Amino acid sequence: MSDGLVEALRSHVRGEVFEGGLRRAQYASDASNYRVPPAVVVYPLDVDDLITVAAIARDRRTPLTLRGGGTSVAGNSIGDGVVLDLSVHMNKVLSIDPVARTARVQPGAVMSTLQREAARHGLRLGPDPSTSTRATIGGMIGNNACGPHAVAFGKMSDNVVELDVLDGKGRRFTARDDLSVVPRLERFVADNLAVIRTEFGRFGRQVSGYSLEHLLPEHGHDLARALVGTEGTLTTVLEATVSLVPIPPNPYLVVLGYPSMAAAADDVPQLLAHRPQAMEGLDARLIEVVRQARGAAAVPELPDGAGWLMVEITGQDAESAMAAAAALAGDATTRSSRVLPATDPDTARLWRLRADGAGLGGRTPAGRQAWPGWEDAAVPPETLGAYLRDFARLMERHRVDGLVYGHFGDGCVHVRVDLPLERNPEILRTFTTEAARLVTAHGGSLSGEHGDGRARSELLELMYSTAARTAMGQFKSLFDPAGTLNPGLIVDPVPLDRQLRRPLALPILRQDGFAFGDDDGDFTKAVHRCVGIGKCRADNSHAGEFMCPSFQATKDETHVTRGRARVLQELTAGGFGRRSWAAVEVRDALDLCLSCKACASDCPAGVDMARYKAEVLHRRYRRRIRPANHYVLGWLPRWSRLARVSPRLVNAVSRVPMLSSIILRAGGMDA
Ligand SMILES: Cc1cc2nc3c(=O)[nH]c(=O)nc-3n(C[C@H](O)[C@H](O)[C@H](O)COP(=O)(O)OP(=O)(O)OC[C@H]3O[C@@H](n4cnc5c(N)ncnc54)[C@H](O)[C@@H]3O)c2cc1C
Ligand code: SF4
């Protein structure tokens, strides 16, 4: 990377600048299949700091990648230049205007923080990705996030009012309904009217590519909306004004059971007439994975079926809401149903199971690891059933499996497929290319909410004509002619099978430590359970969950389950060279892990960091002298047995401050 970059950043930026292996390992991945270690990671303090970093990167033609929660699933928030994490300092909700129903936020503000503050005024942000407890507003704008309630409130692009942005040339402007703020933009739209009208904005979940339709005169020349979903490739969002909606009253959950997921999908178009607030699909096999992992008690009662629709319906009062729920259930083609008010504890439990879908779907019922890459395609809801049947045939042909769920009301299907990435990475290209042909044949979009990232940008040529792709290239160069903003995404794409994380890692088979029986006796497989969904970054205590206490204390990626797993994955890929088990990065990542086992029960992907830590320490110190605190704390039962021989002496010694302080220090503990 360019000479003097780190020095320049350190001397001009007030926030933290990191170039060490620990941060590079933590930020090399998001929730995708890719590994792209950055040259530098920066935590800017404020807008001025961010602008300074961007100027330094621009002068050196160094790629700049923005990051919020890092929960992108397609490799959208990783890059090999400067990665800016805005979630650390630029994370405030600045103001809420309950009359105008808007909120002004910093880009690193976590979605659930905004929801909490807006709720005081009876308001909420409409779109709500399942990752809302750690996803940031900047990241939601970057990816055009949606979520279950997008069926009622639209995508993120439908919920922005104005954006304060910085483009790739260093120009700062406010984007809203005026194209004149960007030179030559009006001309660009006038020259491309036909292709924009015919190929863009064809249906609700056309998230792939740039959303050029918002620039059209009939859509109000809305530049702010057009910048949503551009994945940090055109502008950096410095601050945003988003619109809020009243919290719908009296929500009821209607669960409908069907003989298959495709049958559930067939029912969607007619049920949409009931104007639901959310309409989600859930595969029975996903529930089976939960039963296997957490026991039958973990699953609330569900109506009979091999697939379910979970529909939220509201009404002005409880009576009308109940009547609306009954009417919807009556209109369904199935008689298998359960209706629950929001106050029923099962309602929250069922929604939580749905939200944990991506983590749970990371394993097939046969126990094989399943990967993203084709995880959020969307079709118009009328063709959803047909698409699902064809997609099931495609998986069968490739002898792979995946659990289907997602935002069925919007035609958006989530699935992780057990492609054998470690043995045969080529299958990712073959499978996703065929899937892309299939979804476009159904009039759909490669991505229905996660964006294109590294996983799908290359496939845009199957979805858009040459003219449309040329228009997207021209649009990009109006903002970032040098191509330094998050390069390789959407325009000039990197190959979808370059820089994959899993194939780099070599097996580390069991020795005399843990058996890793659920992972074929392979430590590498075990640590790759972490796919980066980032639930460990959230405070899950409201749900009676405790993962991850060390992160709750420090708010540092070093001390969170995900960050630790990334460092261990780097170890298995040989990223720390010959130091491996003894690497200082590994030591620092694991040092503050309390081995509390909260992740073992709360992480939907089944990460058990306490076990990995014990294995690492075992391999690191086998037949070697350990640090003093290992003996002091690890042998506590022995010491307490010994103390029982002469309790008075032990108590007397421990009451002398000087002596106990010396003993604690000698034992490697904080006095
Ligand atoms: C388990 C799981 C479930 C998910 N469920 C959903 C779902 O229901 N609905 C949904 O829509 N998505 C979902 N996602 C995808 C993802 O969580 C969302 O897209 C989320 O909004 C990303 O937010 P983030 O803060 O993590 O963004 P990041 O991953 O950090 O960034 C996202 C993109 O935005 C860009 N970016 C970040 N900040 C800025 C900025 N200030 N200016 C310009 N660009 C910026 C990044 O460069 C990147 O391209 C899910 C992901 C996972 C892992
Ligand atoms: S075992 Fe370690 S990583 Fe897992 S939740 Fe506890 S402190 Fe966090």
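The legends below describe close-up views of a predicted model.

**View 1. Residues around ligand 1.** The shell around ligand 1 holds 37 residues, and the closest are Leu-66, Gly-68, Thr-71, Ser-72 and Thr-131. By class, 13 of the shell residues are nonpolar, 21 are polar and three are charged.

View 2. At Cys-146, a backbone N or O atom is 2.7 Å from an oxygen atom of ligand 1. Ligand 1 exposes 980 Å² when taken alone, and the protein buries 98% of that area.

**View 3. Helix and strands in the shell around ligand 1.** Strand S3 (64–67), helix H5 (137–143) and strand S10 (235–243) are the elements that give two or more residues to the shell. Helix H5 gives the most, with five residues.

View 4. A disulfide is a covalent bond between the sulfur atoms of two cysteines. A search of the whole structure finds zero disulfides. The closest cysteine sulfur to that of Cys-530 is in Cys-536, and because the distance is 6.3 Å, the two are too far apart for a bond; the cut-off for a disulfide is 2.5 Å. Cys-530 is buried, with a relative accessible area of 7%. Cys-599 is also buried, and its relative accessible area is 7%.

Note on methods. Residues numbered from 1 in each chain as written. Chains lettered and ligands numbered in written order. Predicted model: local features only at pLDDT ≥ 70, side-chain atom pairs only at ≥ 80, totals over all residues. Heavy atoms only, no water. Near = heavy atom within 4 Å. Polar contact = N/O pair within 3.5 Å; in protein donor to acceptor, adjacent residues only side chain to side chain. Areas by Shrake-Rupley, 256 points an atom, 1.4 Å probe, with all protein chains shown as cover. Helix = DSSP H or I, 4+ residues; strand = E, 2+ residues; numbered from the N terminus. Nonpolar A, V, L, I, M, F, W, Y, C, P; charged D, E, K, R; others polar. Buried < 20%, exposed > 50% of the residue type's maximum accessible area, 1.4 Å probe, protein only.
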